[in-house]
Amino acid sequence: MTTQSPPQPLRLVVDLNLCQSYGQCVYAAPTVFRFHGEESLEYDYAPDAGLRREVERAAAACPVQAITLSGATEPAPTVGGADR
Amino acid sequence: MTASGAAGLRSGRIVVVGASLAGLRAAEALRDEAFAGELTLIGEEPHEPYDRPPLSKAVLSGRLSCDHIVLPRVRNIDAHWLLGTPATGLDVPARRVELADGRSVAYDRLLIATGTRARPWPVRAGGGLDGVHVLRTREDAERLRGALVAGPSRVLVIGAGFTGGEVASVCRELGLAVTVTQRSGAPLTSALGGVIGRAAADWYREAGVDLRTDTTVQALEGDPSGRLRRAVLSDGTVVDAEVAVVATGALANTEWLAGSGLAADQRGVVSDGGCRAVTTDGRRAEDVFVAGDVARWPHPHYFGRLLRLDHWDNAVAQARTAAHNLVHGPGDQRVHRPLPAFWSHQFGRYLKSIGVPALADQVVVTQGALDQRRFVAAYGLKGRLVGAVAVDSPRVLDGYAALIEARAPFPPMLGATDGPAHLDPVDAELPGRAAGSASDHDPGTPSALASAASAHR
């Protein structure tokens, strides 16, 4: 069995100033994005890594490109942890 | 700038104080700008950077836990992180940041991004009672969420700004009785004025909120065990409540800069248009920059007035401008001049703003109507368009933004098919504009999305 580095955690943020509530992300990844009220988008910033393909599809489908995914491969910073 | 000097700006030690949205995005932008030196991020909170806008909405309502609002790190930054480590002092001549744990960190260039905190309720008026909350951090949100889940008989929200409205809205979603007090005549007046504020008052009342305008809280009172029991209001009435949420604005986190010589106080750290900190005697501080909620700078589009914005996109954009200017010479400096923008979600409505409505002298509804679910209002100052607000109309503001950038006349000539036949501007009723007003509201500091929104919203 080959050893693989653990998959990077999936993280995302939506620029809600750019967002115009087209809802394409809700169709692409309905367990991550949803509307609360008629026009207000809510979403999970840290969905399960297994949802990466859906989330990438959602980011690609956004008409105003408001969705940013994590690109860092460094470990997350911790209090008193190794700092590099 | 000599070639060697330009290269020098890409090396050395940059310290960023503040590890929330602005600090993180600045650090990433520094690496994008090819900064190859030593990078240190110092953060007071014991968490990796997280997003604050959901705290007063999805987190408080229980739809999202605080583990699920972590901000994505968009690239590797190869930084030293000092989290849970408040900065307590700054020595500008010696180029050192003092930390609460007694250490100090040396820098060649410094970025201040320490943000704001919620204005606390005075202890002499009951601020120390169990049950009195503010909402700015993860811990604040978790504590308040716990208090709401416990099923209090009534929640008192002090202040009907953006945070207060969002908290009251969530309380009603949870089926809790809510009283909101507001010093002025309507919600949101310091940011959006009395005309739009009165429309917002209808949202509160339709949702079943007991809204008390022109009313302040004189004291919060507790039982012998120190638990909040009631509030005494300025009109003499008493409201029984076990939970109070103080939503009366934000204070800049600048205490650590006392004695540093920087022009810094509760209103923010003054910087120039290029994000360079200014000293108390009006000079540029050497190699010290400011970004995010804590920055107070002369916005060139708004007549050079000092603005401090608790806005999410301002934190991101100002971080990028500061990062650029940190690593480029005098010949390649950028001016921070984006149109301010923010959003809020309350009482089932999605409100978006562009420009600075708080500066306006007049307002006019340009699309829809105030008593309809969707409407757009344009704000003018001295016959020029300076801002616009859209309720449940998220796709219209780009056009207004272009008009504001172009300093288009007010009232704007739009010809919107859903607009009134004739535009009839009225006084925007912004409290800061009243002649001789002793209001504590600073018209140069729109409190939009104060904090949780905010934060950085």
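The following legends describe close-up views of a predicted model.

Residues are numbered from 1 along each chain as its sequence is written, and chains are lettered from A and ligands numbered from 1 in the order in which they are written. Because the model is predicted, local features need pLDDT of at least 70 and side-chain atom pairs count only at pLDDT 80 or more, whereas totals for chains, interfaces and linings use all residues.

**View 1. Hairpin of strands β24 and β25 in chain B.** Helices (H or I, at least four residues) and strands (E, at least two) are DSSP runs, numbered from the N terminus. Strand β24(B), residues 341-346, runs antiparallel to β25(B), residues 349-355, and six bridges join them; two strands pair if DSSP finds at least two bridges between them. His345(B) has Tyr350(B) as its bridge partner in β25(B). Two residues lie between the strands, and Phe347(B) in this turn has a positive phi of about 50°.

**View 2. The side of chain B that touches chain A.** Here 32 residues of chain B are in contact with 30 residues of chain A, a contact being two residues whose C-beta atoms, placed from the backbone, lie within 7 Å. Elements giving two or more residues to this side of chain B are β3 (80-82), α7 (312-327), β24 and β25. The largest share, three residues, comes from β24(B). This side of chain B comprises 15 nonpolar, six polar and 11 charged residues; Ala, Val, Leu, Ile, Met, Phe, Trp, Tyr, Cys and Pro count as nonpolar, Asp, Glu, Lys and Arg as charged, and the others, Gly among them, as polar.

**View 3. The bent helix α6 of chain B.** Helix α6(B), residues 189-206, has 18 residues, but its end C-alpha atoms are only 19 Å apart, short of the 26 Å that a straight helix would reach; the expected span is 1.5 Å times one less than the number of residues. The helix bends by about 85° at Val195(B), the bend being the angle between axes fitted to the seven residues ending there and the seven starting there. Of the 18 residues of α6(B), 14 are buried. Gly208(B), with a positive phi near 90°, follows the helix.

View 4. Arg407(B) is exposed, with 12 other C-beta atoms within 10 Å. Pro411(B) is found in the loop between α8 and β29 (426-427) of chain B, and the peptide bond from Phe410(B) to Pro411(B) is cis, with omega near 0°. Most residues other than glycine have a negative phi, and most peptide bonds are trans.

Methods:
A residue is buried if 20 or more other C-beta atoms lie within 10 Å of its own, exposed if 12 or fewer, and partly exposed in between; C-beta atoms are placed from the backbone.
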